[in-house]
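Here are my notes on the model you sent. Please read them with the coordinates open.

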Amino acid sequence: MSTSLIVELRQYTLHPGARDTLIELFEREFVTGQEAVGIAVGGRFRDLDDPDRFVWLRAFPDMASRRRSLEAFYGGPVWREHREAANATMVDSDNVLLLRGPGFAAVDAEVGATVCHPPDAAAFDAYAARHLGPAHALHRTEQAVNDFPALPVREGEDVRVWFNGPADPPPWRSQRLRLARV
C-alpha cells in the first residue's frame, strides 16, 4: 500500500455476545460490498481484552475518494439490506480515528496496535527514530475535515498509531490494543 492513504481505524463497542454475529455479517456482506465501491478493507480484529469490541481498518486514496466511496456504500443496496442487523449488534460505532499512513493488513494471528498521544511532533519523531521502522506501519492523524459527517470521527486529537512494535509503552498517554485477526 502507498504511504499516503487515508485510513480509518474503527473500534466498535458491541452488545454483550454480539461480536461473532457482526463479524459473520461483516465478512459475508460488508467486505465485498465496500470493495465494490473502491474501499480497501484492511485488518479486521477481535479485541483480546474486550469481548464486546470489534476493530477494523479501511483505506482510501484520498479524502475525495473517501467521500465518494462512503456515499456509494451507505447509499447502496448492501448497506440498505443489512444495516438494521449490523446496527442491532452495536452500542457505539463512533470511536473512529481518521489517519494518514500506509494502511495495514494483518499477517499474524495476533497483532498489537498502539494509539499514542505525543505532546509534540518533534518529541514523537525522536521516539519513532529510535523505536519504530517501516514494518510498524506508522499512521498520523489526518487533519482534513471529515467530509462525510454521517459517520463521525474523533476530532481535536493528534495521535500516532502503529502496529506491533516496542513492548515498552511510549512515554506519553497511549492505548495498546491486543488484537486477533478475524
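1. Basis. This is a predicted model, in which local features need pLDDT of at least 70 and side-chain atom pairs count only at pLDDT 80 or more, while totals for chains, interfaces and linings use all residues. Residues are numbered from 1 along each chain as its sequence is written, and side-chain values use heavy atoms, with hydrogens and water left out.

2. The barrel. Eight strands form a closed barrel in the order β1-β3-β2-β8-β5-β7-β6-β4, and the pairing is antiparallel. From one strand to the next the twist averages 35°. Axes are lines fitted to C-alpha atoms, for helices over the stretch in contact, and angles run from 0 to 180 degrees between N-to-C directions. Strands (E, at least two residues) and helices (H or I, at least four) are DSSP runs, numbered from the N terminus. Two strands pair if DSSP finds at least two bridges between them.

3. Strand β1. β1 is mostly covered, with nine of its ten residues buried. Buried means under 20% relative accessible area, exposed over 50%, and partly exposed in between (1.4 Å probe, protein chains only).

4. The β2-β8 pair. Strand β2 (residues 40-47) runs antiparallel to strand β8 (residues 174-181), over three bridges. F45 has R181 in β8 as its bridge partner.

5. Helix α4. This helix (residues 121-131) packs on the sheet and touches β5 (110-116), β6 (139-141) and β7 (160-163). Contact means heavy atoms within 4.5 Å. The direction of α4 makes about 15° with that of β7. A121 belongs to helix α4. A121 counts as partly exposed because its relative accessibility is 35%. Between A121 and R160 there are 9.6 Å, C-alpha to C-alpha, at a sequence separation of 39 residues.

6. Largest pocket. Its volume is about 180 Å³. Of 14 lining residues, E142, A144, R154, E155 and G156 are the closest to its centre. The lining of the largest pocket holds six nonpolar, four polar and four charged residues. The search uses a 1 Å grid over the protein atoms alone: a pocket is an open set of points with protein on both sides within 12 Å along at least five of seven lines, a cavity is a set of points where a 1.4 Å probe fits but cannot get out, and lining residues have an atom within 4 Å of a point. Points are joined across faces, edges and corners, and a volume is the space filled by probe spheres set on them. Ala, Val, Leu, Ile, Met, Phe, Trp, Tyr, Cys and Pro count as nonpolar, Asp, Glu, Lys and Arg as charged, and the others, Gly among them, as polar.

7. Second largest pocket. This one has a volume of about 150 Å³. It is lined by 16 residues, and Y12, Y74, W79, N87 and M90 lie nearest its centre. Two or more lining residues come from each of β1 (5-14), α1 (19-35), β3 (53-60), α2 (63-74), α3 (77-88) and β4 (90-101). α1 gives the most, with four residues. The lining of the second largest pocket has eleven nonpolar, three polar and two charged residues.

8. Cavity. How many cavities of 30 Å³ or more does the whole structure have? The search finds one. The largest cavity holds about 40 Å³ of space. Ten residues line it, the closest to its centre being G42, L57, R58, A59 and F104. β2 and β3 each supply at least two lining residues. By class, the cavity lining has seven nonpolar residues, two polar and one charged.

9. Positive phi. Most residues other than glycine have a negative phi. A137, not a glycine, has a positive phi of about 50°. A137 sits in the loop between α4 and β6 and counts as buried because its relative accessibility is 8%. N164 also has a positive phi, near 55°. N164 lies in the loop between β7 and β8. With a relative accessible area of 28%, N164 is partly exposed.
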